[in-house]
Amino acid sequence: MALCFAVCPQGFVKAENIFINTPKTTLMLTANEGGTPRIHYYGSRITPAQGHEVLDAMSINYDAYPAFGRNSFDETALSVTHADGNMTTELAITGTRTEGDLTIISLKDKAYEFYVDLYYKANDKSDVIETWTVIRNGEKKPIRLEQYASGVMTFRQEGAWITHFHGAWGQEARMTEEPLSAGLKTIVNHDGVRAGMDDRAEVMISLDGKPQENSGRVVGAALCWTGNYKIRLDTRGLYRHTLIAGIDDLHTAYTLKPGETFQTPELALAYSTEGKGGVSRAFHRWGRAGKLHNGRGLRDILLNSWEGVYMNVNQEVCEQMMDGVKELGGELFVVDDGWFGRKYRRTDDTQGLGDWITDTEKLPNGVPALLKAAEDRGLKFGIWIEPEMTNSKSELFEDHPDWVVAHPTRELSKGRGGTQLVLDMSNPKVQDFVVGIVDNLVKENPHLYYIKWDCNMSMNNFGSSYLTADKQSHLFVDFHLGLRKALERIRAAHPNLVIQLCSSGGGRVNWGFLPYFDEFWCSDNTDAQQRLFIQWGTSHFFPTMAMAQHVSASPNHQTGRIIPLKFRFDVAMTGRLGMEMKPSDLNDREREYAKQAVAFYKEIRPVIQLGDQYRLLSPYEGNGFCSEMFVNEDKSEAVFFCYKFENYVGLQTPRWHMAGLDPDATYQLTEFGSTERQHYFEGKNFSGRFLMETGFDANLSGQFGSRVIRLRKV
Ligand code: DGJ
């Protein structure tokens, strides 16, 4: 970043133009002392000398953090009731400073001891800028924050479009793209617990009309918050679109005592001239460069027991599955739900959550014996837990009825199994309990490698026995601050444990979680056709190395659809490959194919998990076809995938075009797992330019045709 400034007392600089730079982008603000910070430009990188172009063009000039005060006719980011009851706030800049990659603009209310610091973090490894605020009450009595957004971004462009994601169980991350028309568009989550359920907290704004994958100016915004949020897009005269994102302002008024501060979650922004794909690749790189836990390490190929045996786990059946996955070349076995419960055995979903004691009827020698069985076979071992939950039929609930989210005057509304309840994570004792679950598992099983952390309920009740009466409105926030404290303790103690984020499938997919998790389960829907859509949407903001994608049985358990094994593998291979079945259900031919597919995935894994992703032909627009590809950093290797999921006479296979290759390089093509007839490209050479510009024909036969073409620079 660069500040154009004059030095003034108290270590502050009196800033004029502020340039927050990433390798390819600049966010330009002005911050004149006594005034308000203004957003002027967010786009391709410019030099400070070019700042005058931005100001002379008068394109944008918008308050970077509008507070409700006088003349507040637009949407606001901040609304405060001060100690004397005054609901208006008037912030003025007191200084600006830089600390490493941070730029901090300090503001103070003109009449009150009320302070706000705006933070902007410029990443030098990816084109992502993070912004958040720290709010401090310097008044003599408590104040109430009614609205406290993380950040603001504004654009002026006619014909802009929005891309956003929504859905439900089994159909996560459904993509909608629409013109941004006049008025207020709001994207919210009110689940209380699962920030990725229904609407997702990530949007893209395409400034050059209908969103394109690999061309056009696009801004991406992701709110990194694990709880209820609100993203507003206010479109007004002169094609001005203002995005304000933050913690939801419904039922979340937050009291700050004198001297207390509140830090909002980060809003992450990326800008690209290479279309939505450019924004996605910026977010993926940001994740791999550190936002995602262990963003640099390759992920293992695993077998998860859920769709294989559901809750009917026991030593024998698990060992059979271990033998199966080992034979296929897998690296990790994960035992899912059903392994625990003493008084209330987890034989179905009506009981046992919270009682993290092995069910010795199913596993007579406990988890250590399961782990040993895995290790004996050269496999790593993982286990499922749902730490923030209990059932009313559990020893935990009998011992601690006051630990659940509820109000004593109200009848309990129960979730899954008619008995599930949410633990009150705002309560430090509950945080200790949750941390203890992981600690105890690791203590008992020092070689435990992986945990699947599930969460299958929304906050059906409201109320906390821990929070005082005047702080009940903190619950939606303090639940998540408590959860974050617990996750921080777990990560401090177990930095190398691989932890999967799961929530009724992809119900918690949000960047607020990912500093603590290595990967997430995209969806409980493992139908490969629907997965094309789920994974397409999810990949807009999340890197493939974090996307758990499993091959499951056919007919599929969720849709009943019959899909060939090759297609199922080809769809699952575009992320972290895994399996979700009993390998013994495969016939000999399928088993042989699965072995080859796993071996092939191991070869392409670094390109898939660490490379750049290029979405090519969208399943939403491809008329029953879809394609994408992955290219490694130095563009010496790539893998291209194409799929067909429609079948009718006269259906024309599109001409395929690649992207992301070195145009001047020659690539040799090889194909994986196709029939002889389809092996047409085997060993043939093409220039990158030809494959991208002119493209090529590759037939896909049948209802579920798919091809995987590997490219290596010669
Ligand atoms: C929901 C998850 O999404 C599934 O994968 C599985 O772990 C079940 N919970 C277990 O109850």
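**Exercise 1.** Where is the place of Y310?

Solution. Y310 sits in the loop between α3 (306-309) and α4. Helices here are DSSP runs (H or I, at least four residues) and strands are DSSP runs (E, at least two), numbered from the N terminus. The model is a predicted one, in which local features need pLDDT of at least 70 and side-chain atom pairs count only at pLDDT 80 or more, while totals for chains, interfaces and linings use all residues. Residues are numbered from 1 along each chain as its sequence is written, and side-chain values use heavy atoms, with hydrogens and water left out.

The phi of Y310 is near 50°, a positive value in a residue other than glycine. Most residues other than glycine have a negative phi, and most peptide bonds are trans.

**Exercise 2.** Identify the peptide bond that joins S554 and P555, and locate P555.

Solution. The bond between S554 and P555 is cis, with omega about 0°. P555 belongs to the loop between β30 (547-552) and α10.

**Exercise 3.** Describe how α4 packs on α5.

Solution. Two packed helices are described by the angle between their axes and the distance between the axes. Axes are lines fitted to C-alpha atoms, for helices over the stretch in contact, and angles run from 0 to 180 degrees between N-to-C directions.

- The axes of α4 (residues 315-328) and α5 (residues 366-376) come within 10 Å and cross at roughly 20°.
- α4 is therefore roughly parallel to α5 (angles under 35 degrees count as roughly parallel, over 145 as roughly antiparallel, 65 to 115 as roughly perpendicular and the rest as oblique).
- Q315, C318, E319 and M322 of α4 meet G366, A369, L370, A373 and A374 of α5 (contact means heavy atoms within 4.5 Å).
- By class, this contact of α4 with α5 has six nonpolar, two polar and one charged residues (Ala, Val, Leu, Ile, Met, Phe, Trp, Tyr, Cys and Pro count as nonpolar, Asp, Glu, Lys and Arg as charged, and the others, Gly among them, as polar).

**Exercise 4.** Which of the 13 residues around the ligand come nearest?

Solution. They are D336, D337, K452, D454 and D524 (a residue is near a molecule if one of its heavy atoms lies within 4 Å of it). An N or O atom in the side chain of K452 is 2.8 Å from an oxygen atom of the ligand. For D454, a polar side-chain atom lies 2.7 Å from a nitrogen atom of the ligand. At G505, a backbone N or O atom is 2.9 Å from an oxygen atom of the ligand.

Definitions and conventions. Polar contact = N/O pair within 3.5 Å; in protein donor to acceptor, adjacent residues only side chain to side chain.
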